[in-house]
Amino acid sequence: MATAANRLAIGVRAATVTLCIAVGAHASLAQAKTWTVKIAGMQFEPATVTVVRGDTVVWVNDDVVAHTATSSVAGGFDSHAIAPGGKWQYQAKAPGRYTYACTFHPTMQATLIVKEKP
Amino acid sequence: MNLKPVPKLALLTALAVFAFNAQAQSSAPTDPQIAAIVVTANQVDIDAGNLALKKGDSKDVKAFAQTMVRDHTGVNQAATDLVHKLNVTPEPNATSESLKKGGDDNLAKLKTLSGKAFDKAYVQHEVAYHEAVLAAIDKTLIPDAQNAELKALLVKVRPAFVAHLDHAKHLEMELNGNGG
């Protein structure tokens with residue numbers, strides 16, 4: 001009986017651990033959001049977007065000309081050309097404040113702020 | 001005072017005459033005529049941009065030229081798609097012909113230049129060209145366009161011309177600052 005009780009206890013603990021992992025993963029997935037930056041009229045809208053690490057930002061080009069979303073930090077994110085009607089997405093990984101611009105149109109500038117997970 | 005003869009006169013004259021005629025005769029351009037003006041205006045700048053890609057001196061001028069070719073090709077694609085959809089045939093007219101001639105004259109002048117002189121002349125014309133086209137868009141093309149989709153397209157492309165003008169003016173200052 002003692003052996004059976006131990007087995008039962010081990011089984012319960014294992015199930016609990018599995019449940020915790022599952023809940024944790026689920027919570028993490030639920031927290032990750034997707035943000036949209038619209039490119040129209042030669043502007044990024046909104047001009048500043050604040051996200052949490054792990055979130056995804058999608059740039060949607062509604063203009064009739066191609067644009068890029070390119071971090072001013074060397075080696076940072078760079079969409080390269082986003083065709084009219086096209087889009088590009090980026091998962092924010094490192095917290096920080098990133099200014100970015102369209103390399104084709106230097107007057108188009110905006111900011112992406114990535115915060116640490118709360 | 002820095003008054004110099006500028007190569008923009010032909011283009012400005014074409015658009016000014018156009019605006020004047022439109023008012024004086026109360027004969028606004030038709031949608032097929034507006035379509036021809038839009039396509040020609042874009043093509044003129046694509047041609048100048050392609051020449052600048054070959055003959056331009058500075059990296060910034062070449063990058064600007066590449067953007068002009070890319071953007072005006074994009075605008076023309078949108079315009080061409082729309083006229084096909086609307087089953088409109090662009091109708092050449094005095095303004096589109098003047099724009100074409102102004103563009104050809106500009107190319108002929110630019111072909112005689114090289115180095116920094118080319119860059120300055122190209123960029124100076126780009127400033128004048130975008131100022132003139134913006135004036136035409138605001139005073140004639142948008143107000144006179146009858147079809148709602150054509151009017152909407154003109155409204156949609158206007159910010160690109162504004163951004164190009166700002167970019168060209170910035171380059172002009174940069175070139176004058178660097179080379180006197």
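Where in chain A is the place of Pro46(A)?

Modeller: Pro46(A) is in the loop between strand 2 (43–45) and strand 3 (48–52) of chain A, where strands are DSSP runs of E with at least two residues and helices are runs of H or I with at least four, both numbered from the N terminus. Before going further, please note that this is a predicted model in which local features need pLDDT of at least 70, side-chain atom pairs count only at pLDDT 80 or more, and totals for chains, interfaces and linings use all residues. Residues are numbered from 1 along each chain as its sequence is written, chains are lettered from A and ligands numbered from 1 in the order in which they are written, and side-chain values use heavy atoms, with hydrogens and water left out.

The peptide bond that joins Glu45(A) to Pro46(A) is cis, with omega at about 0°. In the loop between strand 1 (34–40) and strand 2 of chain A lies Met42(A), which is not a glycine and yet has a positive phi of about 60°. Both features are worth a look, because most residues other than glycine have a negative phi, and most peptide bonds are trans.

Of the area that chain A buries against chain B, Met42(A), Val64(A) and Phe104(A) supply 49%, more than any other three residues. The side of chain A that touches chain B is made up of six nonpolar, three polar and two charged residues, where Ala, Val, Leu, Ile, Met, Phe, Trp, Tyr, Cys and Pro count as nonpolar, Asp, Glu, Lys and Arg as charged, and the others, Gly among them, as polar. Counted by contact (heavy atoms within 4.5 Å), eleven residues of chain A meet 15 residues of chain B. There are zero salt bridges between chain A and chain B, a salt bridge being a side-chain nitrogen of Lys or Arg within 4 Å of a carboxyl oxygen of Asp or Glu.

As for confidence, pLDDT is the predictor's own score for each residue, from 0 to 100. Chain A averages a pLDDT of 83, and 75% of its residues score at least 70. Over residues 10–27 of chain A, however, the pLDDT is below 50, and this stretch has zero contacts in the model beyond near neighbours in sequence. Chain B has a mean pLDDT of 89, with 84% of its residues reaching 70 or more. The model scores ipTM 0.82 and pTM 0.81.

Technical notes:
Buried area is the accessible area (1.4 Å probe) that two parts lose on being put together, summed over both.
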